[in-house]
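Biologist: I am new to this protein and would like to go through it with you. Could you show me the model, please?
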Amino acid sequence: MTPQAVLEHYDHGLPWPADRALPIAASVDAAYQQALALRALRTARGERPVGYKIGFTNRTIWPRYEVYAPIWGTVWHTTLTRSSGGTAELSLDKLCQPRLEPEIVFGMAATPPQGATLEELFGCIAWLAPGFEIVQSHLPGWKFTAADTVADGGLHARLLVGRETPVGHFASSAQALDGLLGRTRVRLYRGDALVEEGKGVNVLDGPLHALHHFNQELQRCPGAPALMPGDVVTTGTWTDAWPLEPGQSWRAEFDAPFDSLGIALR
């Protein structure tokens with residue numbers, strides 16, 4: 001499973017072959033180098049990186065997937081959809097075992113300094129928005145190692161970002177924003193049925209902490225690009241990741257003052 005082979009399976013929505021060599025990388029750090037090679041292939045063919053996803057920040061689901069630390073991957077202009085409200089439509093075409101995750105997304109106004117504190121990081125944020133990340137796994141039954149998930153594009157498939165609200169609408173300091181996000185809850189509906197409730201504190205004690213952890217990991221990864229103004233960063237699911245099928249509709253209702261978000265799948 002070279003980066004080129006991973007890309008071909010991604011393009012066609014095909015699972016990785018059962019007889020592939022194991023493991024895909026000697027370590028998670030080695031898998032990030034494979035992921036950066038995959039990023040270079042996608043950039044070379046005209047795809048444009050627009051930000052990042054952070055995965056496995058929700059500690060409550062670590063035992064379920066046997067991955068016990070956060071990972072990150074690239075978000076692309078071809079995988080990002082923005083919605084100003086209401087219900088947006090997204091296609092599941094050529095996705096492999098897709099699942100849905102309700103999240104909070106940050107938009108960056110500036111590149112964080114090396115070793116940024118929470119307060120310095122807060123000063124680099126432009127806006128927040130509700131989001132749905134559609135994740136996928138090219139390994140059967142969602143059984144994988146942490147290195148597999150990194151090499152598999154961070155499991156990223158699609159990102160829907162709702163209405164973007166300036167960070168100053170929510171808080172004037174990192175401490176205030178952290179407290180607000182940590183106590184906020186979300187109710188996830190499939191159609192009219194409530195399937196799960198989650199809370200911001202599930203995500204590494206809060207999405208701002210997830211962003212802080214990610215920034216540190218990105219800065220220590222050899223060859224990884226820095227966070228840039230205009231980048232979007234989605235910070236991890238507040239619930240479990242739920243299997244998807246065409247024809248479904250989903251809704252995430254976040255506590256005020258955060259917006260809710262709907263998605264219809266085809």
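Biologist: How many bridges join strand S1 to S2, and which way do the two run?
Modeller: In this predicted model, strand S1 (residues 49-55) is joined to S2 by 6 bridges, and the two run antiparallel. Gly51, for instance, has Val75 in S2 as its bridge partner.

Biologist: Is S2 mostly covered or exposed?
Modeller: Strand S2 (residues 71-76) is mostly covered, with 6 of its 6 residues buried.

Biologist: What about strand S5, and how many of its residues are buried?
Modeller: In strand S5 (residues 99-108), 10 of the 10 residues are buried, so the strand is largely enclosed by the rest of the structure. Arg99, Glu101, Glu103, Val105 and Gly107 point one way from S5, while Leu100, Pro102, Ile104, Phe106 and Met108 point the other way. Residues on both sides are buried.

Biologist: Which strands are joined to S5?
Modeller: S5 is joined to strand S6 (residues 125-135) by 10 bridges, to S11 by 3 bridges and to strand S12 (residues 242-243) by 2 bridges. The pairing with S6 is antiparallel, that with S11 is antiparallel, and that with S12 is antiparallel as well.

Biologist: Which residues stand opposite each other there?
Modeller: Pro102 stands opposite Phe132 in S6. Leu100 faces Trp242 in S12, and Gly107 faces Val232 in S11.

Biologist: What does helix H6 pack against?
Modeller: The buried residues of H6 pack against S5, helix H4 (118-122), S6 and H7. Those buried residues of H6 (residues 174-183) are Ala174, Leu177, Asp178, Leu180, Leu181 and Gly182.

Biologist: How many residues does the largest nonpolar core have?
Modeller: The largest nonpolar core has 75 residues, and Leu128 and Ile134 have the most contacts inside it. There is also a second, separate core of 9 residues, which includes Val50, Val105, Leu159 and Val161. As background, nonpolar side chains in soluble globular proteins tend to be buried together.

Biologist: Turning to charges, how many salt bridges are found in the whole structure?
Modeller: A search of the whole structure finds 14 salt bridges. One of them is between Arg163 and Asp259, whose closest N and O atoms are 2.8 Å apart. That pair links distant parts of the chain, 96 residues apart. Arg163 is in the loop between strand S7 (156-161) and strand S8 (165-166), and Asp259 is in the loop between strand S13 (249-254) and strand S14 (261-265).

Biologist: Why does Arg163 count as partly exposed?
Modeller: Arg163 counts as partly exposed because its relative accessibility is 41%, which lies between the 20% limit for buried and the 50% limit for exposed.

Biologist: Which residue forms a salt bridge with Asp255?
Modeller: Asp255 forms a salt bridge with Arg187, and the closest N and O atoms are 3.2 Å apart. Asp255 lies in the loop between S13 and S14 and Arg187 lies in strand S9 (residues 185-190), so the pair ties together parts that are 68 residues apart in sequence. Asp255 is partly exposed, with a relative accessible area of 23%.

Biologist: Where do Glu217 and Arg220 lie?
Modeller: Both lie in helix H7 (residues 207-220), 3 residues apart, which is about one turn of the helix. The side chains of Glu217 and Arg220 meet in a salt bridge, at 3.1 Å from N to O. Glu217 is partly exposed, with a relative accessible area of 23%. Elsewhere, salt bridges that share partners join Asp11, Arg42, Arg45 and Glu47 into one network.

Biologist: What lies 2.9 Å from a polar atom of the Asp231 side chain, then?
Modeller: The backbone nitrogen of Met228 lies at that distance. Leaving aside residues up to four places away in sequence, Asp231 also touches Val50, Gly51, Tyr52, Phe106, Gly107, Met108 and Ala226.

Biologist: Lastly, is Gly123 buried or exposed?
Modeller: Gly123 counts as exposed, at 58% relative accessibility. Its place is in the loop between H4 and S6. Gly123 and Gly73 are 50 residues apart in sequence and 23 Å apart in space, C-alpha to C-alpha.

Notes
Residues are numbered from 1 along each chain as its sequence is written. This is a predicted model: local features need pLDDT of at least 70, side-chain atom pairs count only at pLDDT 80 or more; totals for chains, interfaces and linings use all residues. Side-chain values use heavy atoms; hydrogens and water are left out. A salt bridge is a side-chain nitrogen of Lys or Arg within 4 Å of a carboxyl oxygen of Asp or Glu. Helices (H or I, at least four residues) and strands (E, at least two) are DSSP runs, numbered from the N terminus. Buried means under 20% relative accessible area, exposed over 50%, partly exposed in between (1.4 Å probe, protein chains only). A polar contact is a pair of N or O atoms within 3.5 Å; within protein, one must be able to donate a hydrogen and the other to accept it, and residues adjacent in sequence count only if both atoms are side-chain atoms. Contact means heavy atoms within 4.5 Å. A nonpolar core is a set of buried Ala, Val, Leu, Ile, Met, Phe, Trp, Tyr and Cys residues joined through side-chain atoms within 4.5 Å. Two strands pair if DSSP finds at least two bridges between them.
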